[in-house]
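These are my notebook entries on one protein chain. I set down each thing that I looked up, with the rule that I applied.

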Amino acid sequence: MQAEPTRAPRPQPEETARNAVKPRYLDALNLIERLHHRLLEVIKDDFERHGEPEVNPVQALLLYNIADAELTAGELKSRGHYHGSNVSYNLKRLVEAGYVHHERSATDRRAVRIRLTDKGQSVRARVDALYNRQMQAVEQVVGLGPDELERINKALGRLERYWTDQILYRL
């Protein structure tokens, strides 16, 4: 007598749904990482073409995000753009190169307030001009209009909140 072949149990609906989400989730994570690297490459390319050798793409984004504000490195880091050592290292380089002015806070001598110099504002303006050129092309060439970008931003915002909760509440 021959034994019946064993069959794998049928996946439960919850498992099937999880199996459908996982590859898409992993694709999204991979795409987010690649997009960030591509943005840095686009900025690097633009700066190389316009002869701005002193500033790397990460520093250019840092200058762009400082904008007209006067703030501390901690405040910049708390905005979620940068890692602690990354901010400190890049700010030190930007101060040395004359893109950022820094001074000790009058009220808290431990805190250093930073703001862009005219040279830093020039780099910020270059990144802003790049973004302005891209805005037109994104809609015309890629076909991403305001509504679709809004949906993307909302989805990415929800993902960011989820990851933040994972860290804050150790979920």
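In what order do the three strands of the open sheet stand, and is the pairing parallel or antiparallel? I found the order 1-3-2 with antiparallel pairing. I took helices (H or I, at least four residues) and strands (E, at least two) as DSSP runs, numbered from the N terminus. Two strands pair if DSSP finds at least two bridges between them.

Before going on, I noted that this is a predicted model, in which local features need pLDDT of at least 70, side-chain atom pairs count only at pLDDT 80 or more, and totals for chains, interfaces and linings use all residues. Residues are numbered from 1 along each chain as its sequence is written, and side-chain values use heavy atoms, with hydrogens and water left out.

Entry: I looked up the edges and found strand 1 (71–72) and strand 2 (100–104), each of which pairs on one side only. Strand 2 is joined to strand 3 by five bridges. In this pairing I located Val100 opposite Leu116 of strand 3.

Entry: Buried means under 20% relative accessible area, exposed over 50%, and partly exposed in between (1.4 Å probe, protein chains only). The core has 23 residues, and Leu63, Ile66 and Val100 touch the most other members. Helix 1 (13–49), helix 2, helix 4 (84–96), strand 3 (112–116) and helix 5 each supply at least two residues. Helix 2 gives the most, with six residues. In soluble globular proteins, nonpolar side chains tend to be buried together. I also listed the contacts (heavy atoms within 4.5 Å) of Val100; leaving aside residues up to four places away in sequence, Leu63, Ile66 and Ile114 are among them.

**Entry: helix 2.** How many of the ten residues of helix 2 are buried? I counted eight, so to speak a helix that is mostly covered. The buried residues include Pro57, Gln59, Leu63 and Tyr64. At the start of the helix, a side-chain oxygen of Asn56 comes to within 3.0 Å of the backbone nitrogen of Val58. Just after the helix, Ala67 has a positive phi of about 55 degrees.

**Entry: Gln59.** I found Gln59 buried, with a relative accessible area of 5%. Its side chain makes a polar contact with that of Asn90 at 3.0 Å. Such a contact is a pair of N or O atoms within 3.5 Å; within protein, one must be able to donate a hydrogen and the other to accept it, and residues adjacent in sequence count only if both atoms are side-chain atoms.

**Entry: the rings.** Rings of Phe, Tyr and Trp (its six-membered ring) pair if their centres lie within 6.5 Å; planes under 30 degrees apart count as stacked, over 60 as edge-to-face and the rest as tilted. The centres of Tyr64 and Tyr131 are 5.0 Å apart and their planes stand at 80 degrees, so the pair is edge-to-face. Tyr64 belongs to helix 2 (residues 57–66) and Tyr131 to helix 5 (residues 118–142), so the pair ties together parts 67 residues apart in sequence. Both tyrosines, Tyr64 and Tyr131, are buried.

Technical notes:
A nonpolar core is a set of buried Ala, Val, Leu, Ile, Met, Phe, Trp, Tyr and Cys residues joined through side-chain atoms within 4.5 Å.
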